[in-house]
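Subject: Structure handover

Hello,

The structure is passed to you below. My notes on what was found in it follow directly after.

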Amino acid sequence: MTMTPLQMGITIAMCVIGTVATRFLPYVIFRGNKPIPTYVQYLGNVLGPAVFGLLIVYCLRNVNLFAWPYGIPEAIALFVVSITYVWKRNMMISMAAGTVLYMVLVQTVFTA
Amino acid sequence: MPQNPSLKTRTGGRRSAALKAAFPLTIPVLAGYVFTGITYGLLMVSSGFPIWLSTLNALIIYTGSLEFLLVAMLLSAFNPVSALVTALMVGSRHIFYGISMLGRYRNVGRKKFYLIYATTDETFAVNYSAQIPAGIDRGWFYFWVSLLDQAYWTVGATVGSVCGSFVTFDTRGLDFVLTTMFMVIFVNQWLVDSDAARKVNIYGFLRSHISEIVGVASSLACLAIFGPDDFIVPSLVLILIVLTIFRSRIAATLPSHVVRPADETHVADDEDGTGRAPAAAQGTAELAKEGSR
């Protein structure tokens with residue numbers, strides 16, 4: 001642990017404040033029957049998918065493509081997640097399959 | 001006051017009727033939340049955090065993706081601004097759920113505050129798509145769905161943490177569960193966009209998935225420039241800039257309820273309000289439903 005308990009408390013509080021803000025914001029802004037600005041509607045359409053793309057990149061940020069194992073276990077596991085999801089459309093099956101496969105790969109096949 | 005007992009029974013009956021109507025719809029969420037909650041608890045404990053912290057985070061933050069990211073944040077250097085920005089960014093989709101639920105959560109009394117606080121992907125999907133039977137109190141129905149879902153998540157996280165203290169198997173690679181979750185949501189969004197684009201005959205690989213592509217490309221560019229520790233905020237800024245600059249072009253490629261800058265007055269009358277939200281909601285609803293199989 002690099003943080004003190006107080007710093008951990010502040011970090012958690014920031015997460016609570018940020019999350020609560022996003023949940024309450026629309027109800028605060030659009031009280032009554034005020035119309036929603038088109039720019040906000042537009043962002044509502046396009047921001048979500050973009051953010052999930054960013055989150056995937058964030059999760060993979062420490063993968064080194066230029067050194068063993070070259071991101072191969074991540075690529076295999078995410079490929080399986082995508083294929084099983086397109087096939088079964090079941091979130092739990094895809095998450096379980098991808099995670100278990102990844103754990104097996106990094107613990108047995110691609111051990112550092 | 002002779003009226004009180006009967007009034008109480010009536011309120012009680014309304015509550016339990018709403019609970020009976022709400023519970024079956026939350027069963028898929030029960031499966032998904034308990035499973036993911038357990039994984040979260042396992043990850044927290046295997047990262048060296050106490051059991052009560054998993055329960056507390058599940059209860060007060062109560063948004064899975066951010067809680068998983070928080071594990072990594074708590075293990076790195078103290079950076080409250082980055083934590084706040086990450087929370088706002090990850091939570092930005094709540095804004096669009098909120099916009100979609102504005103009408104439904106109207107006139108439900110003081111419960112409204114809790115309903116807004118307990119907004120999640122799955123609770124939104126259930127409450128947004130629910131056909132509430134006649135005679136069932138809407139406010140209580142929404143309330144029970146929200147409360148049950150939060151209970152599933154919190155119990156799952158606690159169970160996972162408690163089990164995690166006894167777990168002796170190798171948990172290396174367990175944190176990959178977060179990556180798989182984002183990947184599933186991403187792929188689901190991709191499929192929803194493909195369907196929507198095909199319906200209006202404008203399908204094209206690039207134009208139908210422009211927001212996903214902008215998100216991934218901007219993040220990869222910022223990762224290359226700023227490195228793995230500092231690229232999140234620049235990435236979000238770049239995504240916002242790109243999506244704003246090319247708004248008129250991108251909006252023109254959006255299927256169905258196209259949101260064009262010029263249509264200001266017309267779109268304001270749009271019943272859906274959020275353009276793509278109904279399609280996205282359907283996708284999430286299916287996601288939640290499929291969880292049970």
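From the N terminus on, the elements of chain B run α-α-α-α-α-α-α-α-α-α-α-α-α-α. That is 14 helices and zero strands. Please keep in mind throughout that this is a predicted model. Of the 293 residues of chain B, 48% count as buried. Among contacts in chain B with a separation of 6 or more, 74% are between residues 24 or more positions apart.

Chain A also has zero strands, and its helices number four. Their order along the sequence is α-α-α-α. The radius of gyration of chain A is 20 Å, whereas the globule rule gives 13 Å for 112 residues, so chain A is more spread out than a compact globule. The C-alpha trace of chain A spans about 60 × 45 × 30 Å along its principal axes. Buried residues account for 41% of the 112 residues in chain A.

The largest nonpolar core has 102 residues, of which Ile56(A), Phe182(B) and Val184(B) touch the most other members. Domain 1 (3-164) and domain 2 (176-290) of chain B both contribute residues to this core, so the core lies between them. As a general point, nonpolar side chains tend to be buried together in soluble globular proteins.

Val184(B) is worth a look on its own. Leaving aside neighbours within four places in sequence, Val184(B) is in contact with Val81(A), Tyr85(A), Met91(A), Ser94(A) and Met95(A). Three of these names come up again in α4(A), whose buried residues include Met91(A), Ser94(A) and Met95(A). An α-helix has 3.6 residues a turn, so residues three or four places apart point the same way.

The 19 residues of α4(A) should span 27 Å at 1.5 Å a residue, and the end C-alpha atoms of α4(A) are 26 Å apart, which agrees. In chain B, helix α8 (residues 176-199) has 24 residues and reaches 35 Å from its first C-alpha to its last, close to the 34 Å expected at 1.5 Å a residue. Is α8(B) mostly covered or mostly uncovered? α8(B) is mostly covered, with 19 of its 24 residues buried. Just after α8(B), Asn201(B) takes a positive phi of about 60°.

Backbone points to check by eye

- Trp68(A) and Pro69(A) are joined by a cis peptide bond, with omega about 0°. Pro69(A) sits in the loop between α2 and α3 of chain A.
- Tyr62(B) has a phi near 50°, a positive value in a residue other than glycine. Tyr62(B) lies in the loop between α2 (51-60) and α3 (64-75) of chain B. Tyr62(B) is buried, because 23 other C-beta atoms lie within 10 Å and the cut-off for buried is 20 or more.
- Asn107(B) is not a glycine either, and has a positive phi of about 55°. Asn107(B) is in the loop between α4 (80-101) and α5 (111-117) of chain B. Asn107(B) is exposed, with 9 other C-beta atoms within 10 Å, where the cut-off for exposed is 12 or fewer.

One position inside chain B

Val90(B) is in helix α4 of chain B. Val90(B) counts as buried, with 28 C-beta neighbours inside 10 Å. Which residues is Val90(B) in contact with, leaving aside its neighbours within four places in sequence? They are Ser65(B), Leu66(B) and Leu69(B). Val90(B) and Leu69(B) are 21 residues apart along the chain, and their C-alpha atoms are separated by 9.5 Å.

Regards

Notes:
Residues are numbered from 1 along each chain as its sequence is written. Chains are lettered from A and ligands numbered from 1 in the order in which they are written. This is a predicted model: local features need pLDDT of at least 70, side-chain atom pairs count only at pLDDT 80 or more; totals for chains, interfaces and linings use all residues. A nonpolar core is a set of buried Ala, Val, Leu, Ile, Met, Phe, Trp, Tyr and Cys residues joined through C-beta atoms within 7 Å. Domain bounds come from an automatic or database domain assignment. Two residues are in contact if their C-beta atoms, placed from the backbone, lie within 7 Å. Helices (H or I, at least four residues) and strands (E, at least two) are DSSP runs, numbered from the N terminus. The expected span of a helix is 1.5 Å times one less than its number of residues. The radius of gyration is taken over C-alpha atoms; the globule rule is 2.2 Å times the number of residues to the power 0.38.
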